[in-house]
Amino acid sequence: MPSPANAASQRAASRFKITSLIWSVYAPSFLLSLGQGILIPVLPLFAGADEGGLGGTALIVGLAVSGRHIGTMIFDVPAGICVSRFGLKKTMVVGVGLFALAAVGAGLAPGLWVLIAMRLLAGVSFALWSISRHAYIAQAVPIQSRGRALSLFGGISRIATILGPLLGGLVGEYAGLRAPFFAQALVGGLTLLLVLLTMRRLIDVARPSDGHNIYAVLGQTVTSHRREFSTAGLAAICLQFMRAGRELMLPLWGAQAGLGSAEIGYVVTVSSTIDSTMFVPVGYVMDRFGRKWSGAPSLIVLGTSMAMLPLLGGFWGLMVGGMLVGLGNGMSSGWVLTMGTDLSPRERSGEFLGVWRLISDTGGAAGPFAIGAIAQVLTLGAASVVTGGIGWAGAAVVVFMVKETLVKQRPTPR
């Protein structure tokens, strides 16, 4: 006979419907992803020396573009602590509010350093929002449904990221380079309104302060889950490295083949489209067969396609490579989120998810820099081979070192 706790868990799992997350998770996440995408085509121009820009050098432009990622990495762990100390509701509201505030500040920036500071603040806001949302999913979604719920989340975010640059480019073209920042702020305001309207339905993770030193609690979390961080965390680093690397690798190989920006854009668009359509089968596979059946094949296909790029010449060759890259990345839709959710403890989930996000974000931040450095010191072909090797190494970690987190509960006997 199952215990009362297990029986209650099974009843909750049977009652759960993914549609219950539409307004509390999917809609606000779609809006924020759309808002982030708005700045992709205009931020480098606004920070650079183009007409209407702030006159930054290539290095300063790079710093402005990466500012959000840097701010997110710096605040991943503090955001996790905020979720545990103040609750996900307050953390979520502050995160979305800061997102809108940072957008307004960037749009009004009189100089480069104000712009960079606002991009760092945008990174802080994204850390607060993403970890509070992640903690809510860990509480609200039963393990048997997390693959589908989180792969759908990943697919929705990808679709929004495709639409965002299109909107941002049009606004920047016809209303000036500052206008997209205010469009982003408007999206942030709408998201905040939606979060406030749906907040009463959220299950909070706040608990009374136990008086423990936050650094001691954080250290205990890292120590208690060191195996998960060193195995599944390493696989997440490899995957995020590959994901960020593909955004640099495809344009570089397009330029190497003498393609124009429009042709490279076609390749990237087709790759992103394939990527964004994979979330339905991937979610089914993760919930039916297990998380490894998504993570390992994704890393294998990504690694192989990256290593193949030096062999694919011309527009159609790069198109084939881009399609394979999109397929490989789409096969991991929601995998990092699902693994973090499965592994996080119900107590101290905020601290765990903060460390988990920091680890995985490290791969994303290091990818373009490492690939660019290898290409500069050696060749672009060598960078492709090394990147492919990282994908295969990550797949080996998933297969041989990462435990399967999908544990299906047996039905309760009558």
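The model is predicted, so local features need pLDDT of at least 70 and side-chain atom pairs count only at pLDDT 80 or more, while totals for chains, interfaces and linings use all residues. Residues are numbered from 1 along each chain as its sequence is written, and side-chain values use heavy atoms, with hydrogens and water left out. Helices are DSSP runs (H or I, at least four residues) numbered from the N terminus.

**Helices α10 and α15**

- Helix α10 (residues 226–256) packs on α15 at about 165°, with the axes 10 Å apart; axes are lines fitted to C-alpha atoms over the stretch in contact, and angles run from 0 to 180 degrees between N-to-C directions.
- α10 and α15 are therefore roughly antiparallel (an angle over 145 degrees).
- Contacts (heavy atoms within 4.5 Å) join Glu 228, Ala 232, Ala 235, Ala 236, Leu 239, Gln 240 and Arg 243 of α10 to Trp 335, Val 336, Met 339 and Leu 343 of α15.
- The residues of this contact are 8 nonpolar, 1 polar and 2 charged; Ala, Val, Leu, Ile, Met, Phe, Trp, Tyr, Cys and Pro count as nonpolar, Asp, Glu, Lys and Arg as charged, and the others, Gly among them, as polar.

**Largest cavity**

- The whole structure holds 2 cavities of 30 Å³ or more (a cavity is a set of points on a 1 Å grid over the protein atoms alone where a 1.4 Å probe fits but cannot get out; lining residues have an atom within 4 Å of a point).
- The largest cavity has a volume of about 40 Å³, a volume being the space filled by probe spheres set on the points, which are joined across faces, edges and corners.
- Among its lining residues are Glu 228, Ala 232, Met 339 and Leu 343, and α10 gives the most to the lining, with 4 residues.

**Second largest pocket**

- About 360 Å³ of space lies in the second largest pocket (a pocket is an open set with protein on both sides within 12 Å along at least five of seven lines).
- Of its 17 lining residues, Ile 143, Arg 146, Asp 342, Ser 344 and Arg 346 are the closest to the centre.
- α15 (335–343) supplies the largest share of the lining, 3 residues.

Definitions and conventions:
Helices (H or I, at least four residues) and strands (E, at least two) are DSSP runs, numbered from the N terminus. Angles under 35 degrees count as roughly parallel, over 145 as roughly antiparallel, 65 to 115 as roughly perpendicular and the rest as oblique.
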